[in-house]
Every structure is written in C-alpha cells, then in structure tokens.
Amino acid sequence: MDLVRDKIRFKHYSYSTERTYIHWIKHYILFHNKKHPLEMGKVEIESYLTKLATKDRVSPTTQNQAFSAILFLYKEVLGIDMSEWNIQALRAQERKHIPVVLTKDEVRSVLQNVPMDYSLLVHLMYGCGLYTHVVSEMNKAKLISPLDF
C-alpha cells in the first residue's frame, strides 16, 4: 500500500482520493483472500465489480469509484496495460427515488390538526421551507416562541 500512496502523492491527487483509492484497493485484495494483484487479472476484477453491484448493491457512482481505484493500481502502480482486457462486469443499477408530495388538501389537513402551541412553528416550517433543527435553534435563541402570533 505504500507504493500506492507514494504514486498518488507523486501525482498530486487529493488526500480524500488517496483514502478512497486505498480503501477500494484493500477491499479488492481482501475480497480475493489477500491474493497479490499481480496474480489476478480480468476475471477477478469482473467478479469483484459484479459482487459490488449485486451483493453489496452499491450505486453506479460507487462502483465506478472502485473501478477507478483498481485501474489506478494496475496501470499506475503495477505498470500493467489493461486496455486490451475489455472488462465486462455487471453494472450497478441506478435507484429510482420517488418524491413524497402531499396534495393541497392533505397539507391543509395537517396544518389544521397541529396543536395550537406548535401552530406558528409548523406554519413557519412549511411556509418558509425550514428544517426542524433550524426552527428548534430559533426557539432556543428566543427568536420565536410558541405563544407568538
């Protein structure tokens, strides 16, 4: 790992990139029972990346990050040209995020059923788009109180 660190620092990569690459390279080596990367090749890289996508269910971005770290290891540190390998790992799938949106009637119902002590705070949160911790801090700082109207 010292060789990897030295090469990353020689290329002036950021410290966070160094930490991330070291993490993924260690993870890759441990996944293959501490086999030396020189003893591994295309098949091991594909199986590792496929495992990330299927078993670990990582995002495509995370899988790409791991792949970049492995590419760096082979190309920059070990001096192995991987351009001919044509790595075909199963790609991670993008997860669909469905937003939670209330109808106008649902919002009206929620706001009407808030106890009077918290009505101003809840109306501020909804109307101004404030987060709970922001309103809490405003309340602690006595900028607002539940009795203000």
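1. H32 counts as buried in this predicted model, because its relative accessibility of 12% falls under the 20% cut-off. The residue is placed in the loop between α2 and α3, and, not counting residues up to four places away in sequence, H32 touches M40, E44, S47 and Y48. One of these partners, Y48, is also listed among the residues with the most contacts inside the largest nonpolar core.

2. A second residue that deserves a look is K51, which lies in helix α3. K51 has a relative accessibility of 15% and therefore counts as buried as well, given the cut-off of 20%. Once the neighbours within four places in sequence are left aside, the contacts of K51 are with H27, F31 and D56.

3. H12, by contrast, is exposed, since its relative accessible area is 72% and the threshold for that class is over 50%. H12 sits in the loop between α1 (2–10) and α2 (15–31), and its phi is near 60 degrees, which is a positive value in a residue other than glycine. N86 also has a positive phi without being glycine, with a value near 50 degrees, and is found in the loop between α4 (60–77) and α5 (104–112). As background for reading these two values, most residues other than glycine have a negative phi.

4. On the packing of helices, α2 and α4 meet at an angle of about 85 degrees, and their axes are 9 Å apart. The two helices are therefore roughly perpendicular, a class that covers angles from 65 to 115 degrees. On the α2 side the contact is made by T20, Y21, W24, I25 and Y28, while α4 contributes T62, Q65, A66, S68, A69, I70, F72, L73 and Y74. Sorted by class, this contact of α2 with α4 has 10 nonpolar and four polar residues, and no charged ones.

5. The largest nonpolar core holds 24 residues, and those with the most contacts inside it are V4, Y28, I45, Y48, L49, L52 and Y74. Each of α1, α2, α3 (42–54) and α4 supplies at least two residues of this core, with the largest share, seven residues, coming from α4. In soluble globular proteins, nonpolar side chains tend to be buried together.

6. Leaving aside its neighbours within four places in sequence, Y74 is in contact with Y28, P37, M40, G41, I45, G79, I80, M82 and W85.

7. Along the principal axes, the C-alpha trace spans about 70 × 35 × 25 Å. Of the 149 residues, 28% count as buried, and residues 24 or more positions apart account for 58% of the contacts with a separation of 6 or more.

Methods:
Residues are numbered from 1 along each chain as its sequence is written. This is a predicted model: local features need pLDDT of at least 70, side-chain atom pairs count only at pLDDT 80 or more; totals for chains, interfaces and linings use all residues. Side-chain values use heavy atoms; hydrogens and water are left out. Helices (H or I, at least four residues) and strands (E, at least two) are DSSP runs, numbered from the N terminus. Buried means under 20% relative accessible area, exposed over 50%, partly exposed in between (1.4 Å probe, protein chains only). Axes are lines fitted to C-alpha atoms, for helices over the stretch in contact, and angles run from 0 to 180 degrees between N-to-C directions. Angles under 35 degrees count as roughly parallel, over 145 as roughly antiparallel, 65 to 115 as roughly perpendicular and the rest as oblique. Contact means heavy atoms within 4.5 Å. Ala, Val, Leu, Ile, Met, Phe, Trp, Tyr, Cys and Pro count as nonpolar, Asp, Glu, Lys and Arg as charged, and the others, Gly among them, as polar. A nonpolar core is a set of buried Ala, Val, Leu, Ile, Met, Phe, Trp, Tyr and Cys residues joined through side-chain atoms within 4.5 Å.
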